[in-house]
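Trainee: Could you walk me through reading a sheet and some ring pairs?
Mentor: Gladly. Let us look together.

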Amino acid sequence: MSFRHIRYFIILFMAIFFLAGSPPEFGQENEFFHGFLIPKPVISIGLGDNLQDILIRSSSGMTIYEIHGGYTLLAEDADEVRVRGAGGKLAEKYVLLAGQAKERREADLLAEDLKMRTKARIYVEEDRQADIGGVFQVKVGDFLTRGEALEALTALKKQDFSDIWIIREILGERETRPNWILLDGEIKPLSAETVLYFVPSHPESFLSYNGRSYRGLFILRGTRKGVVLVNLLNLEDYLKGVVPGELSPYQFGKIEALKAQAVAARTYAMKNLGQYRDLGYDLVDTPRSQLYGGMSAEHPLSTRAVEETAGEVILHRGELINALYTSTCGGMTEDVENVFSGSPSPYLKSTECTYEKQAEWLVEGWKGPAVIEAGGRNISPDIAFLAAWGIIPFSSGAAFFAEEIPPTEAADWISGALKTLGMNGDAYDPGPDPLSFANLAKMIVRSFRWRDRVEKLMLAGEVNFVLRDSPSVSAEDRPALAYLLQAGFFPSLRQTGDLDKPVTRADLALSLSRIIASLKEPWQQGVFRGRDKETGIFEMSRGSENITVTAVPQPFLIRNLDGDRSLASHLVLLGGETLRWFEKEGRAPVIEVVFPVQSNVLDRTSRYHRWQVRKSIREVEALINQFHPSSDELLDVVVRKRGKSRRAVEIAVRRKGGDLTVRGLRVRYVLGLRDTLFVIDREYDADGRVTHFTFSGRGWGHGVGLCQVGAYGMALSGASYKDIIKKYYTGVKIDRL
C-alpha cells in the first residue's frame, strides 16, 4: 500500500474520531472530511435532486475522491469537473392523504378505521418535510394513475371522508447513480454505487455550482430521488447564506432585526437536522426548509448578525423550539394549530404586531398655506420646490399665486429657472400687455432655446390636432403653444382648454416646476431610520448604504399619501417611510415623506401589508381542482371559521355535488393567495350566479411565529433582537448551544 493511501486511511480514522466526540463548547472543535477542516457543528444542505448534468468549479483547485468500498483519488487540483447523472424521467405514483395527526397513536386509530371501509392499502408515514415537523400522515394507496386515485377518493367521500387529498409522489427508477465524470477532457466511467467528494484544495478556496459559490465541500451520490448534490459546511457559515435570503439587509438593514432572524434561522436548522436523512442531507436550500444562497448571497451586515449571535438558539422549557417565521403577518400572527395540523404550541401563539415602545419623530417645517391651486389641483409642493431654489418668492397667502403675473415678473422667474439649470437663454420681451398663454409659450421656447424642439419634433398635423378647438390662435403662435401642451408643460390649460384666461403666478409656477423636473433630477431618495434628537440630522438608508441628511431649520415638508401631495407644517414619522429630498449648499430645503398605509402595526412598510386579487370563478375552480379534482361545478367559496388573527382557518368549497371543507394553510394553496387573512367580495351574473371573486387581504406567508417585517419595525424603534424574539415567541428563553 502506498504512503498516499495510508494517509487517506489516517485521515478517515481522524474523521471518525472527531465525529464520535461531542464538542465541549460551541464552534471550538473541528471535523475533518478527507483532510478538509470544518468547524462544528456541521450541517448538510441538499442543493438539488434528480440531477443529470452537474458542472462544479473551484476558485483555486479541488481534490476529487470516488468512494466505492474504498477511496480512489480522481484529481488533486482540478479547476472544473462535469458529472453526468442517470438519464430518463422518474416514474410517479398517486396516494390519498386521508388525515394527519401530531401523535402516532392518533394516526394509527384513523388508519384502523379506514381499513374497515376500504380494501386499498392503508399505512401511516411520518412527514419529515412538514412545516411544523413530526406530523404522522395516514395514506391510502398506491395508485398508478390520477384517475384510479380519484375513484378511490370518490368512494371514501360517500362514507363521510370529505377532507381527502390526492398526492403525486416520485418513484426512483433503477438508474439513480452518477454515470461518468469528465476530468481534463477525459471521460471516466463510475462504479454503480459510487459517491463523489469534491474538497477544496486550500482553506481559502471555495466551490461553485449553478453560478453560485459555496463554503465547505460537495458530496454527489445516487438516491431514490436520483442524483443529489449536497453542500457540507459549518452551521454558522450556512446561516451567513440564509439570513440575507430570508430578510434582505438591503431593504431591512437594521442589525437587531437581522440578529433576530439569525437566531430564529439557527434554531430552526438545529431543530430540523436530519429532516432528509434518507436522502443523505439535513435540509434543502429552498423555502421548504430555509432559503440558502451560499456565499453568493452573503452580505456584511447579515454576516455580522450571524457572528454576533454565534451559537444562540431559542428554547422553551429547555427544548429547541420550531422557530417558524413569516414574511408579513398583516398586523397579527396566528395560533399554530389553526394553520398547521397538530396540537397547540405554547410558544407559537397569536400576537398583535404592534410595539408599545413605538418610536415617533416630530418634524416641524415651514408654516404656510397647505393648498395653492392651479387647474383644479394643489400645486403647493411645486411652488415649494421653486421657492427652495430661490426661483420664486413664497408668499404667505395663496391669493398671491391666484393673481395674474406681470410679464416682467414672468421673465424674472424664467431667468431664475435657467440659472438653476445652468443654462443660457435668449431674452424675450412680451410687452406690457397682460400675458397670454400664446405669448408665454413663445417666451419659454425662446428663453430655453427650444426652437429646434418645436420645428423638428412637432408635425404640422399634430399642431392642428392639438389646437383643433382653438382656431383663433395665430399661425405664428400655434407651434410653440401646441408643443408645450403636448409635452404637458401647460397641464392646467390642457385640462381647461381656456386659451383666453390670463396666466397666473400659479400657472407659471406649475409649468416651470415640470420643465425643471424634465431637465434635471435633483431629488434623492432613501428610507427613514430615525433622527438625532440633538442635531436633528435624519438617519437614512439607501440600499445597503447608511446615509445622513441635514435639513434647513424649517424645511418645506411635503406629505405624500397615495400620490396625493400637499404641504404640511409638521409630520410625525414612525420609521420605514420613504423620504425624497434635494440638497442646496449641503442642506435639504424640501423633504417629501411618502407614507405607507396609515397604521401603527409594525409590518406596515411591507408591500404585502394590504393586497387585492380578482379571480373568475373558473380560475378558482381550476386552482382547487389541482389539489382536489372533481367534475362538479364550483358554485361559491365561503369562510366558515376564522382564527384569532381573523385568518380564514376553514372554508367551504361549495360544488353542485356537495361541500368540500378546506382547513389551515391549505386554504392559501387551493385559492392561490398570498395569505389566509382575507375577505371575499363577489360579482354575479343576471341569474344570480357567482362569476368573480375579489379577495382583499393582508400579509404574505403562513402567519405563524416571527413576523420578519414586524421585526424590522421593532428594530427601527430601538428594540433589541432579544426583545423581538420574545415578542413573537411566547415564553421562550435565548441561550447558547
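Trainee: In what order do the strands of the open sheet of three strands lie?
Mentor: Strands of a sheet pair through backbone hydrogen bonds, either parallel or antiparallel. Here the order is E32-E37-E36, with antiparallel pairing. Strands are DSSP runs of E, at least two residues, and helices are runs of H or I, at least four, numbered from the N terminus. Two strands pair if DSSP finds at least two bridges between them. The model is predicted: local features need pLDDT of at least 70, side-chain atom pairs count only at pLDDT 80 or more, and totals for chains, interfaces and linings use all residues. Residues are numbered from 1 along each chain as its sequence is written, and side-chain values use heavy atoms, leaving out hydrogens and water.

Trainee: Which strands stand at the edges?
Mentor: E32 (611–616) and E36 (677–684) do; each has a single partner strand, so one side of each is left without a neighbour in the sheet.

Trainee: How many bridges join E36 to E37?
Mentor: Eight, with E37 covering residues 690–698. Leu677 has Arg698 in E37 as its bridge partner.

Trainee: How many aromatic pairs are there?
Mentor: Rings of Phe, Tyr and Trp (its six-membered ring) pair if their centres lie within 6.5 Å; planes under 30 degrees apart are stacked, over 60 edge-to-face, the rest tilted. The count comes to 21. Among them, Phe252 and Tyr712 are edge-to-face, 5.1 Å centre to centre, with 70 degrees between the planes. They sit 460 residues apart.

Trainee: Are Phe252 and Tyr712 buried or exposed?
Mentor: Buried means under 20% relative accessible area, exposed over 50%, partly exposed in between (1.4 Å probe, protein chains only). Both residues are buried.
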